[in-house]
Amino acid sequence: MREEIKEKIEKVVKKLYPENPVEFSVDFAPANIDADFSSNIALILAKKLGRKPMEVAEEMARELGSQIAAPGFLNFKLQPEKWHVEFERILNEQRKYGTNELNKGKKARVEYVSANPTGPIHIGNARGGPYGEVICKILETTGYKVLREYLHNDVGGQVEKLGKTILYWCEKQQDLEPEFPEGGYQGEYPQEIAKAASKKLGENLNEKNLSEIVAFAIEYIFSENLEVMKKMGIEFDLIVKESELQISGKVEKAVEEVKNKKLAKEKDGALWFAPNDDFLQDREAVIIKSDGHPTYFASDIAYHKEKFTSGYDLVVDILGSNHHGHVPKLQALTRVFGFDPEHFKVLVYQYVRVKKGDEVVKMAKRAGNFITAKEVLDLVGKDSMIFFLLSTAVNTHMDFDLDLARDTSDKNPVYKVQYAHARIQSILVKSKLDVENAKLELIHSSEELGLIRELAKFPELVEEISETFNVHHLPHYLLGLAERFHGFYEKVKVITDDEELTRARLALVRAAQIVLANGLQVMGIEPLEKM
RNA sequence: GCCCCUAUAGCUCAACGGAUAGAGCGCUAGUCUUCGGAACUAGAAAUGGGGGUUCGAUUCCCUCUGGGGGCACCA
């Protein structure tokens, strides 16, 4: 539809203004305009020609038979038959409507969540899971085969500190008088883990058991975090353990490679990553500490070597905003290992801020005063949680009011979408008529065609998100669609005395149901047939 | 000090440089003999301040002010 209009416009441009090829768009017209599509071609041409936009628009409209509107838009209205084609396509494609084969045969690997095992995932970080998962699903709808991966940071100084904190609580239980470790972890959860640890490992734990305690603690937290993700419908294909990267010698090998390529230098007894890069010039990072231990970045080098040399067409890292300083270094690694930087996407999401009333709650894992993702999930439920977390652009800081969480959970927009889906189901069940062989041409009122038009936006929305990763457009679209449907429902009676008309309208609401279901599923929300 | 985000309605968020700045929640007033009222209809209500670029700026640039997060031989 859109392409046809675009071609027609291009022809007219060639005819009226040869040697003036321009980039222009044909978009769905805004809701308040009585048209289906609209183009900015005249506005852009006018600039180039140094003429008034309305004049150019008028000239073009005469050729195209379209309407014009200030300040110079060309508006197009489609014949109902055109919409019937799309209508039929939805009914035929069903679950496949919205998918495409743009990336058929390609492979992507997406790393997300990768929470540190030093504490439960807090609400601030909770965006990473649903966001990453939607991106995986969106990539799949364009034909990618996706590997979902997670880096488990199971070694390092922070993990040691957690172990020491737990040891402290273990000793405390034995009525000893241990000293709280410097930089130890505050909060309730280390105490819980200490209890579990003494149950499992024995009552009289002491310094000698530290490595056991560490292993127990990170496994405890790690599996708990994976459990929370699972509750949100997120499961990983590959867990990469940092310890494995080290033990297997992969870190050593990758670091060697960096050295051989002369991208590292010695300074103060440590080995630094020092690519010849303007941006990284004064942001060099330590790879091997002067005590001989590798840093986390060394593991990252090894990990990304694997990502870049394993035959994937697309590599995606999804990181919290506190890692943004890390991004250029990761991007520099594409050059080290010969990967096309265009095919490596690092997506950064901003944190969710928690408010209690007007007060912003400062959250820090070490201070232990954070609200966990699990708490919120249990409170508002999976569907509301996902819809809420995905409703805002990832680069905005969202505010979350815990006090209002329960209140708003049953007023969450997701229910409006779910309700539309369930309502349709109920109509379909009630009528018992067959949707097959419906006479689609009986659908011609503006309410009906308007609904089809809204449905028709879905495939290109999915395509757009697969390129821009603007995931938040999806929940907004679904909410708009649900509202459109509810409005339609109030005005148009689906089940009537006229069997043929009923059949056609049932086909229409079925089409709406298909799109609602496909959209919800991409978000990881199960469409409900009853509520 | 430097870097990355950010400031839109009472609250939480939208808006390829374009048309009357849109939603949800809350508020006000309605719809209820019809397919599910978790719905619909109508209304009040907003671009932080100051410059600039443009036919046109919420959007781009500069600046001021206020938020969040980074700038470690932490992960």
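Two strands count as paired when DSSP finds at least two bridges between them. Keep that in mind for this predicted model.

Q: Which residue of β10 does Phe 273 stand opposite?
A: Start with the strands: β9 covers residues 270–273, and β10 covers 285–288. The two pair in the antiparallel sense over three bridges. Within that pairing, the residue of β10 opposite Phe 273 is Ala 285.

Q: What is the strand order of the open sheet of three strands?
A: Look at the edges, where each strand pairs on one side only: these are β8 (264–267) and β10 (285–288). Neighbouring strands here are turned by 45° against each other on average, direction ignored. With antiparallel pairing, the order reads β8-β9-β10.

Q: At about what angle to β10 does helix α11 run?
A: Helix α11 takes in residues 296–308 and lies across β9 and β10. Its angle to β10 is about 80°.

Q: Which strands are at the edges of the sheet of four?
A: This one is an open sheet too, with antiparallel pairing and the order β1-β2-β4-β3. The twist averages 35° from one strand to the next. An edge strand pairs on one side only, and that picks out β1 (26–28) and β3 (67–69).

Q: What is the bridge partner of Ile 68 in β4?
A: β3 spans 67–69, and β4 spans 73–76. Three bridges join β3 to β4, and the two run antiparallel. For Ile 68, the bridge partner in β4 is Leu 74.

Q: What angle does the direction of helix α3 make with that of β3?
A: Helix α3, residues 53–64, packs on the sheet and touches β3 and β4. Its direction makes an angle with that of β3 of about 165°.

Q: Which element supplies the largest share of the surface near RNA strand B?
A: Let's move over to the RNA. Elements that each give at least two residues to this surface are α2 (41–49), β4 (73–76), α6 (157–173), β15 (398–401), α16 (413–431) and α19 (473–491). The largest share is nine residues, and it comes from α16.

Key:
Residues numbered from 1 in each chain as written. Chains lettered and ligands numbered in written order. Predicted model: local features only at pLDDT ≥ 70, side-chain atom pairs only at ≥ 80, totals over all residues. Axes fitted to C-alpha atoms, helices over the stretch in contact; angles between N-to-C directions. Contact = placed C-beta atoms within 7 Å.
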